[in-house]
Amino acid sequence: VRVRRKLEGRHEVVLAPLPAMITVVREINTPRYPTVPMRLAAAEAPVPIWDNKIMQLDENRVGLKGSPTQVRRIFSPERVKGEIISRDGDRPDDVARRLIEKMLERDTISL
């Protein structure tokens, strides 16, 4: 693949082998909004599903078998019950001071 990379005040041409991941800046394109007839046609258009019967890829290189990622364990972290650190009538600087003290106690921040 050959791409043009945007740098400050200039562009650089980069060559890379496929597969490659390419990211783009927001200014790459101006989106086109579909007309009403095109929206209606898109809502009714069939979406083809390309499974491995059609693609005929090596099953050892795609899907769960071919993925380099292995999930060993899935869990939900324990939720710590929250606490209210302000009371009615407290001044904002007192509440902020209490919050900082709590965060220091739990080693969330350091000074």
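Student: Which element gives the largest share of the lining of the largest pocket?
Tutor: E1 does, with four residues. Helices (H or I, at least four residues) and strands (E, at least two) are DSSP runs, numbered from the N terminus. This is a predicted model, in which local features need pLDDT of at least 70 and side-chain atom pairs count only at pLDDT 80 or more, while totals for chains, interfaces and linings use all residues. Residues are numbered from 1 along each chain as its sequence is written, and side-chain values use heavy atoms, with hydrogens and water left out.

Student: How is a pocket found, and what is the volume of the largest pocket?
Tutor: Rolling a probe the size of a water molecule over the atoms shows where empty space is left. A pocket is an open set of points on a 1 Å grid over the protein atoms alone, where a 1.4 Å probe fits, with protein on both sides within 12 Å along at least five of seven lines; lining residues have an atom within 4 Å of a point. Points are joined across faces, edges and corners, and the volume is the space filled by probe spheres set on them. Here the largest pocket has a volume of about 460 Å³.

Student: How many residues line the largest pocket, and which lie nearest its centre?
Tutor: There are 16 lining residues, and Arg 4, Arg 5, Lys 6, Ile 22 and Thr 23 lie nearest the centre. Strand E1 (2–7) and strand E2 (10–15) are the elements that give two or more residues to this lining. By class, the lining has ten nonpolar, two polar and four charged residues. In this count Ala, Val, Leu, Ile, Met, Phe, Trp, Tyr, Cys and Pro are nonpolar, Asp, Glu, Lys and Arg are charged, and the others, Gly among them, are polar.

Student: Which residues form the nonpolar patch on the surface?
Tutor: Val 1, Leu 18, Ile 22, Val 24, Val 25 and Ile 28 form it, with about 580 Å² of accessible area together. Patch residues have over 30% relative accessible area and no salt bridge; nonpolar side chains (Val, Leu, Ile, Met, Phe, Trp, Tyr) are joined within 5 Å, and like charges within 9 Å. The areas come from the Shrake-Rupley method with a 1.4 Å probe, and for residues only the protein chains shown count as cover.

Student: How many salt bridges does a search of the whole structure find?
Tutor: Six. A salt bridge is a side-chain nitrogen of Lys or Arg within 4 Å of a carboxyl oxygen of Asp or Glu. One of them pairs Glu 12 with Arg 5 (3.2 Å, N to O). Glu 12 is partly exposed at 30%, and Arg 5 is partly exposed at 45%.

Student: Which parts does the salt bridge between Arg 106 and Glu 83 tie together?
Tutor: The two side chains meet at 2.7 Å, N to O. Arg 106 is in the segment after helix H4 (92–105) and Glu 83 in the loop between helix H3 (63–66) and H4, so the pair ties together parts that are 23 residues apart in sequence. Arg 106 is exposed at 53%, whereas Glu 83 is partly exposed at 44%. Salt bridges that share partners join Glu 83, Lys 102 and Arg 106 into one network. Another salt bridge links Asp 90 and Arg 98 (3.0 Å, N to O), and Asp 90 is partly exposed at 26%.

Student: What should I look for in the backbone?
Tutor: Most residues other than glycine have a negative phi, and most peptide bonds are trans. In this model the peptide bond from Leu 18 to Pro 19 is cis, with omega near 0°; Pro 19 is in the loop between E2 and H1. Gln 56 is not a glycine, yet has a positive phi of about 55°. Gln 56 lies in the loop between helix H2 (52–55) and H3 and is exposed at 67%. Asp 107 also has a positive phi, near 60°; this residue is in the segment after H4 and is exposed at 64%.

Student: How far apart in space are Leu 111 and Lys 81?
Tutor: They are 25 Å apart, C-alpha to C-alpha, and 30 residues apart in sequence. Leu 111 is in the segment after H4 and is exposed at 89%.

Notes
Buried means under 20% relative accessible area, exposed over 50%, partly exposed in between (1.4 Å probe, protein chains only).
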